[in-house]
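Dear colleague,

I am handing over the structure below, and after it I set out what was found, in an order meant for someone who has not seen it before.

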Amino acid sequence: MGSGSWGTAVAKILVDAGNEVTMWARRPELAEQINTLHENQDYLPGITLPAGLTAVSSVAEALDGKELVVCAVPSQSLRANLDGWRDHLPADAVLLSLAKGVEISSGERMSQVIKEVTGFGDSQVAVLSGPNLAREIAMEQPAATVIACTDEAVAQRVQEAFAAPYFRPYTNTDVVGTEIGGAAKNVIALACGMASGMGFGENTLATLITRGLAETIRLGVALGADITTLAGLAGVGDLVATCSSPLSRNRTFGARMGEGASLEEAQAATNGQVAEGVKSCRSVRALAQQHEVEMPLTEAVYQVCHEGLPVQDMVGMLLGRTTKPEVYGAAR
Ligand SMILES: NC(=O)c1ccc[n+]([C@@H]2O[C@H](COP(=O)([O-])OP(=O)(O)OC[C@H]3O[C@@H](n4cnc5c(N)ncnc54)[C@H](O)[C@@H]3O)[C@@H](O)[C@H]2O)c1
Ligand SMILES: O=P(O)(O)OC[C@H](O)CO
């Protein structure tokens, strides 16, 4: 459900893993393009999609009789999309969220939003997160991911559906850690982009990635996550991929701001694709405040994106803080 970059790449994985797959696209002309040209020229130009992949623009048709429903829309729009899908969801389907964000209006993770809107229980809701830049995966470059569900048997069923020659899914029962890793890394990737845009090198990036992990762990642990999830693919793995890759929309967005673009100018250059961290820095920061967790990098990114802090002032804001021991896992 959603035919953007990741929705399209995931549909390809699922076909390549041997499943029968229907993709839902909001625009009939995009569905038509996928069915006739076997390409999604808006989001993954140049990638040939499997001939067996069918796209439709009718929600009812897309959801009819499906065992697994993959939600591939941006975080802040998931609730509204689910409202439109709810009446067509098969009662025994498993819903899998791909979105990496925290809802601004509620502070909820995507699995919480899904349960609230659909009334589905924990064992029908799973999430997928890991170092998964859509274009690399669509090019069949090898990668791994995490499929998390509190019900391990359900996670294993979804894992089986996703096992493709170039894509290796691992299971986890820690939904909170898997989701927090995915949401927080987008904010840290914005910080890395800003640093890179300001001309800083690898020491700065490594410092941001490592201290970004420290604050992600603090938030995750405060919310009940297992620290080892954040040491895994959905934590360190995704943080490294997103913070390092020029393919990352979040890193690229941050780099534009680091080079001097305003939020509006950086937004205008995204080609309609989502850089989740720009919105999620608000909700991640709010969660941190609510749980009294210190997240200085998230705070700095929020200040630059939404409070008009000049990007160069981030350095003084971060390095001017009181000195402290290096601790991982504690609440502060
Ligand atoms: N692209 C990646 O490499 C990647 C990898 C892993 C996870 N993700 C996550 O997957 C989610 C979807 O990302 P994507 O890359 O497919 O995004 P995208 O911007 O490429 O596509 C978003 C899709 O959602 C649809 N959509 C439905 N309602 C929408 C609305 N109200 N506003 C905007 N779009 C709407 C769009 O039509 C489009 O098909 C995000 O949370 C992202 O963080 C992306
Ligand atoms: O392009 P980004 O910044 O949304 O990142 C894509 C994926 O989440 C990387 O795992």
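Predicted model: local features only at pLDDT ≥ 70, side-chain atom pairs only at ≥ 80, totals over all residues.

Once its neighbours within four places in sequence are left aside, Lys185 is in contact with Asp238, Leu239 and Thr242.

**The chain as a whole**

The secondary structure of the chain comes to 16 helices and seven strands. Its radius of gyration is 19 Å, close to the 20 Å that the globule rule gives for 332 residues, so the chain is as compact as a globular protein of that length. Taken along the principal axes, the box that the C-alpha atoms fill is roughly 55 × 40 × 35 Å. Of the 332 residues, 51% count as buried, and among the contacts with a separation of 6 or more, 73% are between residues 24 or more positions apart.

The domain assignment divides the chain into domain 1 (5-173) and domain 2 (176-319), with their C-alpha centres 24 Å apart. The contact between them takes 26 residues from domain 1 and 28 residues from domain 2. On the side of domain 1 that touches domain 2, at least two residues are supplied by each of α4, α5 (110-118), β5 (125-129), α6 (134-138), β6 (143-148) and β7 (167-172). Within that side, β6 gives the most, with four residues, and by class the side has eleven nonpolar, ten polar and five charged residues.

**The surroundings of the two ligands**

Which residues are closest to ligand 2? Among the 13 residues that surround ligand 2, the closest are Asn132, Thr242, Ser248, Arg249 and Asn250. The elements that give two or more residues to this shell are α8 (175-197), α11 (233-244) and α12 (249-258), and α11 gives the most, with three residues. By class, the shell around ligand 2 has four nonpolar, five polar and four charged residues. Since domain 1 and domain 2 both give residues to this shell, ligand 2 lies between them.

Ligand 1 is surrounded by 24 residues, of which the closest are Gly4, Trp6, Ser77, Ala99 and Ala134. The elements that give two or more residues to the shell around ligand 1 are α1 (5-16) and α4 (75-85). By class, that shell divides into ten nonpolar, eleven polar and three charged residues, and at least three of its residues are drawn from each of domain 1 and domain 2.

**Helix α12 and what covers it**

Is α12 mostly covered or mostly open? It is mostly covered, since ten of its ten residues are buried.

**Two loop residues with a positive phi**

Most residues other than glycine have a negative phi, and two residues are worth a look with that in mind. Asn271 has a positive phi, near 60 degrees, in a residue other than glycine, and it is found in the loop between α13 and α14. With 8 C-beta neighbours inside 10 Å, Asn271 counts as exposed, the limit for that class being 12 or fewer. Glu292, which is not a glycine either, has a positive phi of about 55 degrees, and it lies in the loop between α14 and α15. Glu292 is exposed as well, with 10 other C-beta atoms within 10 Å.

With best regards

How values were computed:
Residues numbered from 1 in each chain as written. Chains lettered and ligands numbered in written order. Rg over C-alpha atoms; globule rule 2.2 N^0.38 Å. Buried ≥ 20, exposed ≤ 12 C-beta atoms within 10 Å, placed from the backbone. Contact = placed C-beta atoms within 7 Å. Near = placed C-beta within 6 Å. Nonpolar A, V, L, I, M, F, W, Y, C, P; charged D, E, K, R; others polar. Domains from an automatic or database assignment.
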